[in-house]
There are 2 protein chains.
Amino acid sequence: MSLLVVGWVAFDALETPFGKVERTLGGAATYFSVAASFFTHVNLVGVVGDDFTRKDEDIFKGRRIDISGLERAAGKTFFWAGRYGNDPNDRVTLATELNVFSTFRPRLPERFRKSRHIFLANIDPTLQRSVLEQIHGRPHLVGLDTMNYWIEKTPVELREILRHTQVLMINDAETRMLSNEHNLLRAARHIFSLGPRTLVIKRGEHGVLMTRREGGFFAAPAMPLEEVFDPTGAGDTFAGGFLGYLASCEEVSDAAMARAIIYGSTLASFAVEDFSVERLLRLTKDEISSRFNEFKKLTHFDVV
Amino acid sequence: MSLLVVGWVAFDALETPFGKVERTLGGAATYFSVAASFFTHVNLVGVVGDDFTRKDEDIFKGRRIDISGLERAAGKTFFWAGRYGNDPNDRVTLATELNVFSTFRPRLPERFRKSRHIFLANIDPTLQRSVLEQIHGRPHLVGLDTMNYWIEKTPVELREILRHTQVLMINDAETRMLSNEHNLLRAARHIFSLGPRTLVIKRGEHGVLMTRREGGFFAAPAMPLEEVFDPTGAGDTFAGGFLGYLASCEEVSDAAMARAIIYGSTLASFAVEDFSVERLLRLTKDEISSRFNEFKKLTHFDVV
């Protein structure tokens with residue numbers, strides 16, 4: 001089944017201890033789409049400016065990504081510049097220019113409106129809401145990302161979209177901020193009362209913790225890597241692997257959710273090996289299977 | 001096989017968001033012994049003052065803990081006072097009084113000198129070394145803990161004891177400090193060049209990462225808990241469950257090491273549910289098995 005994603009397509013300028021790049025394709029919707037396309041067909045909705053070239057577009061070609069919802073507007077594409085230190089968590093934002101995104105209102109092509117799996121990447125909750133209003137019928141699964149800015153500035157709008165969200169995917173700090181609870185279990189319970197049935201807490205180098213309203217936890221460490229070349233987009237790549245795999249499943253069982261967490265972690269572990277989606281573009285299905293199995297070695301033990 | 005532990009036996013004054021206690025039994029050797037005694041016989045070496053009562057001693061009774069190496073000295077027992085905030089990682093030390101520990105020189109009773117499994121808790125590397133010098137023959141496994149203070153103040157002595165260490169058990173910050181490497185894989189490689197064959201990185205609420213010189217990783221999350229009532233001693237309890245289980249094994253295979261990590265994590269998850277070793281004293285073998293299996297549910301996934 002196809003998976004709709006709405007979010008930023010961006011140009012990034014990045015500096016990490018391993019290298020520097022002046023202009024590379026980025027944005028949540030980019031990372032998400034490329035990751036999810038390994039598992040399912042993706043419908044992308046976003047906006048780019050007139051600096052977005054045919055070559056940039058080619059990144060989506062030859063993959064199961066429909067970019068007919070990628071609007072072209074006059075002006076420059078969203079731009080983000082950031083620098084990372086030796087600790088990938090130490091990120092300094094050097095520039096954020098909304099550009100064409102500042103007036104963007106998502107418009108879904110007619111055939112996207114039947115989407116049953118939807119990912120609303122981290123954008124204004126009002127825009128996230130407007131996407132759902134264009135959907136015909138009731139989707140199976142709405143995944144949502146947000147950030148401290150929206151939690152603080154637009155709490156009412158955020159609560160409204162959370163009522164329509166099944167899977168919330170945020171980091172520990174956002175979980176605590178949204179719930180006003182330090183303990184993640186109590187934080188999760190609070191969040192379940194707002195709408196979501198599943199909370200996926202992204203913990204960067206410490207991996208992921210998933211918990212569900214009906215109870216139960218699933219935790220996955222991050223794959224230990226020699227070099228985190230560029231951590232940009234790891235969370236969105238995770239979301240793409242996670243929801244892409246789920247969209248490809250007949251039924252969303254607990255077992256499928258656990259595998260989805262591992263597929264998301266697998267894709268994210270590749271994404272950080274190079275700038276932008278470079279590593280994902282070179283990625284093969286065999287490499288995915290092989291790293292999926294490495295996760296098994298990393299975490300499984302036997303009971304004597 | 002019996003397991004020798006040398007370290008602090010202490011009185012702690014603790015304040016957590018859940019309660020307050022003026023004087024309770026603490027110290028690495030205490031937590032370690034009680035945890036390890038679920039799996040093997042423990043020989044404890046340490047020192048207490050004349051404020052250490054029969055009632056304090058009773059904690060070790062009825063367990064497989066031999067305290068004939070627990071020296072009584074004139075003066076007060078080592079004392080530590082600390083306060084925790086809502087984030088269990090935010091710990092403020094209010095007082096540290098070495099007391100009788102300041103002149104302590106470990107003296108092993110003759111029958112302890114044949115120990116094949118040894119845990120040198122976090123004390124002066126020179127004292128740790130003096131313990132090994134009293135051991136007859138070559139031990140199977142020496143586990144070691146240390147801290148930023150010794151890494152900084154006694155680097156030469158620490159390197160000497162590391163040459164005789166098989167399993168180093170420290171936290172992420174100590175791993176980075178000891179190796180001068182931010183990346184944990186490169187940090188581990190550096191540490192292997194100093195002696196240890198196995199590095200167990202304790203990451204608090206994020207669990208544990210084990211890596212071995214021959215390659216390979218094993219990661220375990222911490223069990224998500226509603227309340228971390230008192231995090232004091234979690235790391236030493238982990239070490240007790242880990243080394244206690246290993247000392248009970250015929251052979252130290254990769255599979256046994258992985259199970260040991262889970263037993264250590266299991267014991268630590270109980271220890272933090274109450275002050276001091278209170279929860280461990282009430283703990284049953286059935287509860288251990290049951291939480292061990294919860295770890296399986298928390299981390300295992302199937303490959304379709």
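Mentor: Let us start with a pair of strands: β10 (residues 167-171) and β11 (residues 198-202) of chain B run parallel to each other, joined over five bridges. Strands count as paired if DSSP finds at least two bridges between them; strands (E, at least two residues) and helices (H or I, at least four) are DSSP runs, numbered from the N terminus. Within this pair, Leu168(B) has Leu199(B) of β11(B) as its bridge partner.

A word on the source: this is a predicted model, where local features need pLDDT of at least 70, side-chain atom pairs count only at pLDDT 80 or more, and totals for chains, interfaces and linings use all residues. Residues are numbered from 1 along each chain as its sequence is written, while chains are lettered from A and ligands numbered from 1 in the order in which they are written.

Now step back to the whole sheet. In chain B, nine strands make an open sheet with mixed pairing, ordered β5-β4-β1-β8-β9-β10-β11-β12-β13. At its edges stand β5 (65-72) and β13 (217-220) of chain B, each with a single partner strand, so one side of each has no neighbour in the sheet. On average, neighbouring strands are turned by 15° against each other, direction ignored.

Helix α7 (residues 184-192) of chain B packs on this sheet, touching β10, β11 and β12 (208-212) of chain B. Here, contact requires C-beta atoms, placed from the backbone, within 7 Å. The direction of α7(B) makes about 135° with that of β11(B); axes are lines fitted to C-alpha atoms, for helices over the stretch in contact, and angles between N-to-C directions run from 0 to 180 degrees.

Definitions and conventions. Two residues are in contact if their C-beta atoms, placed from the backbone, lie within 7 Å.
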